[in-house]
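Take a look at the fold below before reading on. Keep the sequence at hand to follow the residue numbers.

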Amino acid sequence: MEKTKGIHIWLYTILTAGIIAALIWGFTASKSAKALEITNENQYNRAFHELVGYVDEIDTLLSKAQLTKSPAQMATLSSDIFRQSAEAKSCLGQLPTSQVQLDNTSKFLSQVGDYTYVLSQSMINGDEISQEEYDNLASMNEYASSLKTTLSDIQSRIYSGEVSISASNGKKSGTVADAAGNGILEDLENVEKSFDEYPSLIYDGPFSEHIENIESVMLKSSSDISQEEALTRAENFLGISGMTFEGLSENTAIQAYTFIKDTENGQISVSITKKGGYVLSYLNSRDIDGENLDIAAATEKAAQFLQKNGFYSMADSYYEKSGGIATINFAYVQDNVTCYSDLVKVRVALDNGDIVGIESKGYLMNHTQRDLSSPALTMEDAHAKISAGLEVSGTKLALVPKDSMREVLCYEFKGAFNGKNFIVYVNAENGREEEIFLLIESENGILTI
């Protein structure tokens with residue numbers, strides 16, 4: 001009897017200890033969850049507060065930009081706007097906005113910094129801002145002012161306790177959707193909708209409207225081919241059979257059918273464009289058994305491959321080596337002018353010279369026969385525009401793509417300065433210095449930065 005009673009006491013003791021431990025654990029977990037929620041809320045509030053400040057500053061700077069006639073002043077203002085817009089985008093990205101798309105708002109912040117920078121560069125180069133460009137600045141100013149007002153109103157409601165960015169209303173906290181009941185979701189959606197009528201901007205910058213809607217120059221007049229025809233072209237290109245359809249790329253500048261085949265040594269994949277039936281990309285992921293070819297031999301293999309497959313008048317430029325594979329860049333040459341937009345990358349296996357990859361998007365997007373006019377400047381005139389410190393070792397004409405996808409005819413000067421190799425591009429029409437690149441040369445390749 002005493003033994004049974006002792007067992008019961010022992011069991012009760014363990015049970016009581018377990019309950020106490022569970023209560024302590026629950027209290028600790030609840031306290032930790034609450035602390036985490038408070039930390040997240042503080043981070044969201046800080047990001048939102050800074051976002052309002054940056055947008056406020058953008059609004060002020062845009063007002064000033066409409067008044068300046070000084071290239072130096074516009075350069076200062078555009079630099080400030082560019083920095084403020086980048087910070088504003090960063091703050092926007094820190095908010096829990098997974099349930100509401102803010103693409104238009106983010107796009108506006110990108111364009112406002114980019115557009116004013118382009119205007120400042122134009123003024124530095126001696127051009128005057130047109131009335132249309134001033135009108136664009138005024139429109140941006142109006143949208144920035146409206147955005148500031150809306151965000152400031154949300155901020156006031158947050159500070160008053162009326163709304164909370166991560167308020168859960170009984171749901172899992174941490175997303176804007178959770179705050180729908182207190183109005184933040186609706187407010188942010190209204191912010192996004194306010195940009196629905198935002199005008200399209202076409203300018204010489206990477207966020208220009210025309211870049212988003214760009215289409216392939218080479219393929220735009222080509223007819224569509226079927227999946228079956230694409231498969232035939234893929235297998236003929238590789239000289240194999242038995243490939244299977246993986247998918248059709250959507251919402252891209254170049255739609256393509258992709259086919260794959262598993263092998264004993266990896267997988268082979270190839271993408272054929274829906275328009276025209278060209279090879280967009282090819283990759284053979286087989287293992288590479290050492291390096292038996294040097295870069296000169298690999299380049300020759302790649303050049304022969306391009307010639308065989310209809311890529312004519314191509315010149316090699318830069319390359320890199322990794323994992324026993326050399327990736328060599330080739331650009332189209334027309335009338336002794338290197339067209340860097342028409343780019344093809346070829347991957348060569350250094351164990352036996354097999355072509356194990358190709359990427360031709362640049363070529364397919366841009367290739368066409370250009371109407372190349374004679375340069376207004378002679379090579380000697382252009383040479384006089386660059387620094388006397390550059391020891392020039394090579395010169396040629398090249399079409400250089402800008403961020404806006406516009407091509408500029410330039411003289412390319414390759415040379416050395418302070419023990420490093422550089423490439424300087426001088427506009428062949430007006431003598432402006434368009435680009436300067438540092439050549440990074442090592443045993444693993446030649447790249448530019």
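Residues are numbered from 1 along each chain as its sequence is written, and side-chain values use heavy atoms, with hydrogens and water left out.

Start with confidence. pLDDT is the predictor's confidence in each residue, on a scale from 0 to 100. Its mean for the protein is 83, and 80% of the residues reach 70 or more. Residues 168-182 are another matter: pLDDT stays under 50 there. The model has 37 contacts beyond four places in sequence for this stretch; a contact means heavy atoms within 4.5 Å. Where pLDDT is low, the predicted coordinates should not be read in detail.

Now the overall build. The protein has ten helices and 13 strands. These are DSSP runs numbered from the N terminus, with helices (H or I) of at least four residues and strands (E) of at least two. Of the 449 residues, 41% are buried. Buried means under 20% relative accessible area, exposed means over 50%, and partly exposed lies in between (1.4 Å probe, protein chains only). The protein exposes about 24,100 Å², and carbon and sulfur atoms supply 50% of that area. Areas come from the Shrake-Rupley method with a 1.4 Å probe; for residues, only the protein chains shown count as cover. Among contacts between residues at least 6 apart in sequence, 58% join residues at least 24 apart.

Helix α2 covers residues 71-94. Its 24 residues reach 35 Å from first C-alpha to last, close to the 34 Å expected at 1.5 Å a residue. The expected span is 1.5 Å times one less than the number of residues. Its buried residues include Met-74, Leu-77, Ser-78 and Cys-91. Cys-91 has 2% relative accessibility. Cys-410 is buried too, at 0%. The structure holds zero disulfides, a disulfide being a pair of cysteine sulfur atoms within 2.5 Å.

Which residues does Ser-120 touch, not counting those up to four places away in sequence? They are Met-74, Ala-75 and Ser-78. Ser-120 sits in helix α3, residues 103-124. Its relative accessible area is 1%, so Ser-120 is buried. Ser-120 and Leu-77 are 43 residues apart in sequence, yet 8.5 Å apart in space, C-alpha to C-alpha.

Move on to helix α7, residues 227-238. Its twelve residues reach 17 Å between the first and last C-alpha, close to the expected 16 Å. Ala-230, Ala-234, Glu-235 and Phe-237 are buried in α7. They cover an arc of only 155° around the axis, which puts them on the same side of α7. The arc is that of the directions from the helix axis to the C-beta atoms. An α-helix has 3.6 residues a turn, so residues three or four places apart point the same way. On the face of α7 turned away from the buried side are the exposed residues Glu-228 and Asn-236. The buried residues of α7 pack against β2 (256-263), β3 (266-273), β4 (279-284), α8 (295-308) and β8 (355-359). Just after α7 comes Gly-239, with a positive phi of about 70°.

Helix α8 can be read in the same terms. Its 14 residues should span 20 Å at 1.5 Å a residue, and the end C-alpha atoms are 20 Å apart, which agrees. Ala-298, Thr-299, Ala-302, Phe-305 and Leu-306 are the buried residues of α8. Seen down the axis, they fall within an arc of 125°, so they line one face of α8. The face turned away carries the exposed residues Ala-296 and Lys-308. Cover for the buried residues of α8 includes α7, β5 (314-322), β6, β7 and β8. After α8 comes Gly-310, whose phi is positive, near 90°.

Finish at the loop between β6 (325-334) and β7 (337-349), where Asp-335 lies. Asn-336 belongs to this loop as well. Phi is near 50° at Asp-335, a positive value in a residue other than glycine. Asn-336 also has a positive phi, near 65°, and is likewise not a glycine. Are these residues buried or exposed? Asp-335 is exposed, at 60% relative accessibility, and Asn-336 is exposed at 70%.
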